[in-house]
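Welcome! Take a moment to look over the sequence and the 3D view, and then read the notes below beside them.

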Amino acid sequence: MTRPVDLTSPEPAGWRRRFAGGRPHLPRYAALAPDRCVLLTAESGKPEVMAWDQGSGSRRQVTDQPGGTGRYAIDPTGRWVWWFADPQRIGRGRWWREPFEGGAAERIGPDGRPAGLALGGGRFAVGSFGDGRTRILTGGESGADVGRGTELDFAGDRQVEQLSADGAMLSVTDVGAGGPLRPDLRVLDPVSGEVLADWPLGEQGVARPLGFSPHPGDERLLVLSEERDGHRLLLWDCRAGTVLEVQHGLTGELRAQWTLDGSGLVVCRSWQGRDELYELPLDGAPRRIPHDPGEIRAATARPDGVDYLWSSSERSPRVRSTRHGTLYGGDLPDGAPARDIWADGPGGPVHALLSAPPVDHDGPVPPTLFLLHGGPATYDADAYDPYVSAWVDHGYQVVRTNYRGSTGYGRAWREAAGGDVGHTELADLMAVRAHLAANGSIDDTRVIVGGSSWGGYLALLALGVHPDRWRAGFAIAPVADFAAAYEDETERLRALDRALFGGTPSDVPERYHRASPITWAAAVRAPVLLMAGARDPRCPPAQIEAYARAVEQGGGRVELHRYDGGHEERRLADLLDRISIQIEFSFRYCAPGFRNCARGR
């Protein structure tokens, strides 16, 4: 049931328009049929896959799932469209494929949690995880080959990565002792499952495979090695066992892919909340692709250059080409601009982005929302964000902090949060809060905190550890009790927890206890809004409900909204409903324009 925003003043007009069509996506092209692509659009109110022939201009919708579609691909020949079907919205299902022109769809592989899809050399490899094992089905393009596909069965949690251009090699990563943030890399024979090569540099860096050379017979795999002093781009000849470095001289965190002719790379550099795009010849210096400051959400090599999806906090997403300029997009209302904030923190300077409504300099400072990003290994960027702009439209300042654990500031910053999970991030958050209060940028008596997933977890921890600093708080699909969540979550998340905490809840119970918001629930003084998905495999609802009871037993005030869904919401109507509930809740305790807000209990 949709609930309108119940505000003291009229609801700002137009904030919902920024969500029109859902999150924009860059088309995914068939490497060998460059006019054919698949595109994720939300014209029906949820993201679904479109098959788009740019040569003829024809488009048709391929998928129609209850909760929308999130995983999809097109094979290099442009013959097949692939997607993962998750009808129950619980992160489990099966891969399907359908001819690009339309026709009967085929189910491929066993049911389970998706464990990757690789396409190349006229072959496919699909991964599925369940009951502690990973099953990888490999086969060819024709229906007959599908029936004769080879199923590889491995103990543990593996991820299908890429097939070589001739289909003779398959790269996979294995969640070992290092967890999903430090996977093991190896190359297999896709038919027999024989290990052809293990990543030779071992513990020297975190190795992430980015793709084989586009030339059949060229067995070089592009690997990103994350090391303490930066990211290296390496070419691994899997049979010869040699590793050559592609020199680039770029600081920051990198994404990269091959150009279509294999002569170079397309590289995106992320640093301090903004991105830069480069063309990098294998034997030359990087060439900066001119674009305005902002975020490059995705980029893809094309026969005549590079296409990329760009936005900034103020300007809406648009697809641009290095040869043809803006192709389409940019038709949504402007967003709230962001300015950089730097504060001295206990681990070094902390970067944050502040977005604010226009204010009368003689009037009161607007209330402030500290919005915490999820992940934890993600970051807040100078990017178009309808959610942030919705809060600004309603009269709130929004501060987004890239605390230790965030990407985009180097590996040392990202890994620094592991020593004292949650509390390290909070120390950076409180440093930014103190900095803004000291220079008068925020009203220290009118501050709320909130977030989703890991950001929701941190919001709950902040409400308990620093109970007198917040008017209210909200958390969507958070972890509230790490030990309880460990019993019900997926094996991949258990591996992440073991890596973060240095063991299981029985190995290091004191670490799980200190990091869990439920430990601090009795101290919570501000009203709390909780949103929990009944089918959420990442942040199970039982531990959220237990946290709510613990806060209430301590005398706190909790509103718990349950919804029939998983961890992520792709349906636009439901997403807008939840945002409305969050804003309505916040208005009851800290409304813009009212100096004397209700203070918690």
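This is a predicted model: local features need pLDDT of at least 70, side-chain atom pairs count only at pLDDT 80 or more; totals for chains, interfaces and linings use all residues.

Residues are numbered from 1 along each chain as its sequence is written, and side-chain values use heavy atoms, with hydrogens and water left out.

**H25**
- H25 sits in the segment before β1 (28-30); strands are DSSP runs (E, at least two residues), numbered from the N terminus.
- H25 counts as partly exposed because its relative accessibility is 27% (buried means under 20% relative accessible area, exposed over 50%, partly exposed in between, with a 1.4 Å probe and protein chains only).
- Not counting residues up to four places away in sequence, H25 touches L39, L40, Y72 and L309, where contact means heavy atoms within 4.5 Å.
- From C-alpha to C-alpha, H25 and R287 are 25 Å apart in space, and they are 262 residues apart in sequence.

**The second largest pocket**
- About 400 Å³ of space lies in this pocket.
- Of its 23 lining residues, the closest to the centre are G21, P24, H25, T41 and Y328.
- A pocket is an open set of points on a 1 Å grid over the protein atoms alone, where a 1.4 Å probe fits, with protein on both sides within 12 Å along at least five of seven lines; lining residues have an atom within 4 Å of a point.
- The volume is the space filled by probe spheres set on the points, which are joined across faces, edges and corners.
- β2 (33-41), β26 (318-321) and β27 (325-329) each supply at least two lining residues, and the largest share, three residues, comes from β2.

**H248**
- H248 lies in the loop between β19 (242-246) and β20 (253-258), and is buried, with a relative accessible area of 11%.
- A polar atom of the H248 side chain lies 2.8 Å from the backbone oxygen of H231.
- The backbone nitrogen of L250 is 2.9 Å from a polar atom of that side chain of H248.
- Beyond its neighbours within four places in sequence, H248 is in contact with residues including R232, L254 and P286.

**Strand β32**
- Strand β32 (residues 447-452) is largely enclosed by the rest of the structure, because five of its six residues are buried.
- β32 pairs in the parallel sense with strand β30 (residues 368-372) over five bridges; two strands pair if DSSP finds at least two bridges between them.
- Five bridges also join β32 to strand β33 (residues 472-476), and these run parallel.
- V449 is the bridge partner of F370, and G473 in β33 is the bridge partner of V449.

Terms used: Helices (H or I, at least four residues) and strands (E, at least two) are DSSP runs, numbered from the N terminus. A polar contact is a pair of N or O atoms within 3.5 Å; within protein, one must be able to donate a hydrogen and the other to accept it, and residues adjacent in sequence count only if both atoms are side-chain atoms.
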